[in-house]
Amino acid sequence: MNPRPNINFLKKEAISIRRDILIMLEQAGSGHPGGSLSCVELLIGLYYYKLRHNPKNPYLATRDRFILSKGHGCPCLYAVLARQGYFPKDEILTLRKVGSRLQGHPDKAFLPILETTSGSLGQGLSISNGIALAAKLDRLDIRVYCLLGDGELDEGQIWEAAMTSSHYKLDNVCAIVDYNKFQIDGSVKEVKNLEPLVKKWKAFNWHAIEIDGHNFKEIMDAYDELDRIEGKPTIIIAHTIKGKGVSFMENNLDWHGVAPKREHLDKALKELETEEKALKSEYDRI
Amino acid sequence: MTESKPTRDGFGEALVELGRKNPDVVVLSADLTSSTRANYFMEVFPERFFKMGVAEQDMIGTAAGFALMGKVPFACTFGIFATGKTWEQLRVSVCSMKLNVKLAGSHGGITVGADGATHQALEEITLMRALSNMTILIPCDYIEAKKATLAAYSFAGPVYLRLGKETVPIVTREDDPFEIGKANILREGSDLTIIACGIMVAEALRAADELEKKGIGIKVINLHTIKPIDNKTIIDAAKHTGAILTAEEHTVMGGLGGAVAEVVVRNYPVPMDIVGVNDTFGQSGKPHELVKLYNLTYENLIERVKLLIRRKQGFRSKY
């Protein structure tokens, strides 16, 4: 097992990634802040800790796979990949621009190091199952992580795939729900209630773990719990806050698919700076 | 009497042959395993066969995952479900990444018969043509179905294979060439060209035989690959025969006829007509009754040839 990174370091990285997300969205002039900010810790937990990957050798057959099924969260993935050294950090400023490798929704034809193209919701879990079945066939010890949006769970294909994962006992599949409680038309509860969500997945024969999706200890504990589960796929229901980290974006539906303008960006960056300072003084005390 | 066999049988047998030679072949089936003849593979290679249940969209995504891992998945179901229920999955999860997924849609066309309109796929060519990176193969008989299946495996990228339920006369030979994107000229003639695919190839040949007796020379082209289309063979036919009739067991909206018309109008406009199902749904009945009812017979081709040759003569005198 990998040694766990220092949680304060991860928190610092989370602030930097949030900053990158906001800067790239402001530059792009469009995109999805809410659902990018809500999955920051979940992706950091993978790329900085659990996922077996190597930015210097991105096509290694034995790598774990990360499938971003909720493609609109790609600013977060791009920021994480850039900080991990998959491409130059400045490239994030090209998001959504003509000729950029960083398409508005992840496109493998433009950025081949991505595992898949996504953006049309509902398709990532089936792809994850295919990868996992092929790995079992080849006796390849890899794991497939698939990040799903909560609104995305309205898609019927997700539940077709959920049946496939458990039917084929795909214990090398881990799906994570970024349960930030909002979708475009309103709160998830009001648009199409998902509850009882944990019970649903359990009824589909999944091992289910419920966590606070912004708490690094809970995230790493959940990822480690996967190592002990056999014969079943695992779902991590991560309770998150849409727009997490920027006070005026948190739980505010207006920020689902609207990019911050300069003045919003300045305000948001100031908040992140304050948070970073608080974190530093806390760190200094220890 | 020529021998008759369904194209799905050729597909099923070729799958087994592929499985023997290539460990990377896997087969997925959406609960229509015997109907698509995927059961031939299942019986020999159960460990590489995956039942997906009645879940076509999930089957396509799973196939995409297999392809991402270097496997060559063949996903099998009825044509209408293979292309209709899954169109957007094919677009994003397969074609946009140019993944090596092979889609086999059996029960193409009106000859599905008694099951009726819901099961008679009349729109697959139109739907699949609209997808960038998709290749469309429509074998005309059992022998060509085997070749098309083997060729689909060797070809890098998404392929749609349209197969039929009913027996069709075998009109090609084992040693005829089959190359994706290269149409086969089955007979020469100088008065008009019939470009056909699937079951209409045999009808076209029969129409040409009958017309020859009346002194009308028909060139017959088997356009087994609708996409990428063989521009050169079509343009040559337009130049040399001056009129083109297309024939397909499919809607006339955007199918084989549409594909050929696009080539003709852009390169060498000549009078054309399109035989197919005229923008309507099918119905239950025996295949031989339905092909008559929907004018998919050599008799109808003969009538349309005569009308088209008259138009060609008018066209020639005008220009």
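Visitor: What makes the largest nonpolar core a core, and which residues have the most contacts inside it?
Guide: A nonpolar core is a set of buried Ala, Val, Leu, Ile, Met, Phe, Trp, Tyr and Cys residues joined through C-beta atoms within 7 Å. Buried means 20 or more other C-beta atoms within 10 Å of a residue's own; exposed means 12 or fewer, and partly exposed lies in between, with C-beta atoms placed from the backbone. The largest such set has 188 residues, with I194(B) and A204(B) having the most contacts inside it. The core draws at least three residues from each of domain 1 (4-169) and domain 2 (184-318) of chain B. Those bounds come from an automatic or database domain assignment.

Guide: A word on the model. It is predicted: local features need pLDDT of at least 70, side-chain atom pairs count only at pLDDT 80 or more, and totals for chains, interfaces and linings use all residues. Residues are numbered from 1 along each chain as its sequence is written, while chains are lettered from A and ligands numbered from 1 in the order written.

Visitor: What does I194(B) touch, not counting residues up to four places away in sequence?
Guide: Contact means C-beta atoms, placed from the backbone, within 7 Å. By that test I194(B) touches A204(B), A207(B), A208(B), I218(B), V220(B), L245(B), A247(B) and L301(B).

Visitor: How do you know which strands pair with β5(B)?
Guide: Pairing takes at least two DSSP bridges. β4(B), residues 72-78, has 5 bridges to β5(B) and runs parallel to it. β7(B), residues 159-162, has 4, also parallel. So both pass the test. A104(B) is the bridge partner of C76(B) and stands opposite L161(B).

Visitor: Why does the length of helix α1 of chain B agree with expectation?
Guide: Expected span is 1.5 Å times one less than the number of residues. The 15 residues of α1(B), 7-21, should therefore span 21 Å, and the end C-alpha atoms are 21 Å apart.

Visitor: What makes up the contact between chains A and B?
Guide: Chain A gives 19 residues and chain B gives 20. On the side of chain A, α5(A) has the largest share, 9 residues.

Definitions and conventions
Contact = placed C-beta atoms within 7 Å. Helix = DSSP H or I, 4+ residues; strand = E, 2+ residues; numbered from the N terminus.
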